[in-house]
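User: I would like to go through this structure and ask what stands behind each term. Please set the values against the definitions.

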Amino acid sequence: MVLQRLVRAVIMGPPGSGKGTVSLRISKSFGLKHISSGDILRANINAKTELGLLMKSCIDQGQLVPDDVMSRLILSDLRTVDRCSWLLDGFPRTVYQAEALDDTCTVDTVINLNVPFQTIKQRLTSRWTHLPSGRIYNTDFNPPKVPGFDDETGEPLVQRDDDKQDTVTRRLKSYETQTEPVLEYYRSKGVLETFSGTETNKIWPHVEVFLHRKLAAISQRMA
Ligand code: G5P
Ligand code: MG
């Protein structure tokens, strides 16, 4: 689909709901640039930057990175891609962050993946990630062709330190208390679209149809 104007989209959902998996599909089908706050933080940790070293313990314990740090990091990243249509994954995660984003741009649409917590807990212990690209695998759902190695580069996959069972429980708790209010924030602005289910392959066709319609409408409005 050729977009007539820049699109600002956000994907939300609890940890492990499939935001990364669905974002990669959206990126491929609609050409939106995928910007994942978690991937940016993990790249910093991997590169042992000052920020990465400071934030590692926070992330490993399943706590959110402080709002001001996170907002500065993502909003400055967005400035470097202001000529692209983008999809933000993992940001905003608090009402403070949503307001900071609103101060810089108008969000066109927010895709919310509503997946039961029980489903999520089973998924995260079998997730494997290719850190440099953010490609995601799962030993049950989408296993790599060679166990433990990325399909495209052949480089080793890693398990995230925050995917331990206790940490997942803490991440889900922080989602309930700090991130769910953001859903209400976007619902009241009329831009929230929720997709419920337990399987990405069943949710995805609905997201795809919705985005075709939504992005066509946005393009027409501006043409
Ligand atoms: P992240 O990196 O943003 P989360 O916790 O929001 O982390 P996560 O864990 O990355 O989200 P996801 O992207 O929603 O999950 O899900 P995914 O990776 O696509 O899918 C999860 C697994 O399930 C994969 O193995 C996938 O293959 C599999 N899967 C997908 N669909 C199916 C299916 O249908 N069936 C099955 N069986 N499997 C499936 O944030 C990490 C940390 O960074 C900090 C916080 O500390 C956070 O905890 N952080 C922030 N802090 C403050 N503010 C922010 N804005 C922050 N952003 C990040
Ligand atoms: Mg993710």
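Analyst: Axes are lines fitted to C-alpha atoms, for helices over the stretch in contact, and angles run from 0 to 180 degrees between N-to-C directions. Helices (H or I, at least four residues) and strands (E, at least two) are DSSP runs, numbered from the N terminus. This is a predicted model, in which local features need pLDDT of at least 70, side-chain atom pairs count only at pLDDT 80 or more, and totals for chains, interfaces and linings use all residues. Residues are numbered from 1 along each chain as its sequence is written, and side-chain values use heavy atoms, with hydrogens and water left out.

User: How do the axes of helix 2 and helix 3 cross, and what makes the contact?

Analyst: The axes of helix 2 (residues 37-46) and helix 3 (residues 50-60) come within 8 Å and cross at roughly 120°. Helix 2 contributes L41, N44 and I45, and helix 3 contributes L51, G52, K56 and I59; contact means heavy atoms within 4.5 Å. By class this contact has 4 nonpolar, 2 polar and 1 charged residues, where Ala, Val, Leu, Ile, Met, Phe, Trp, Tyr, Cys and Pro count as nonpolar, Asp, Glu, Lys and Arg as charged, and the others, Gly among them, as polar.

User: What are the values for helix 6 and helix 7?

Analyst: Their axes come within 11 Å and cross at roughly 140°, with helix 6 covering residues 117-124. F117, I120, K121 and L124 of helix 6 meet V168, T169, R171, L172, Y175 and E176 of helix 7. The classes here are 6 nonpolar, 1 polar and 3 charged residues.

User: What makes a set of residues a nonpolar core, and which members of the largest one touch the most others?

Analyst: A nonpolar core is a set of buried Ala, Val, Leu, Ile, Met, Phe, Trp, Tyr and Cys residues joined through side-chain atoms within 4.5 Å. Buried means under 20% relative accessible area (1.4 Å probe, protein chains only). The largest core has 31 residues, and L78, W86, L88, L101, V110 and Y186 touch the most other members. Strand 1 (8-12), helix 4 (67-79) and helix 7 (165-188) are among the elements that give two or more residues to this core. A second, separate core of 23 residues includes L124, L172, V207 and I218.

User: Why does the radius of gyration agree with a compact globule?

Analyst: The radius is taken over C-alpha atoms, and the globule rule is 2.2 Å times the number of residues to the power 0.38. For 223 residues a compact globule would have a value near 17 Å; the chain has 17 Å, so the two agree. Of the 223 residues, 47% count as buried.

Note on methods. Chains are lettered from A and ligands numbered from 1 in the order in which they are written. Buried means under 20% relative accessible area, exposed over 50%, partly exposed in between (1.4 Å probe, protein chains only).
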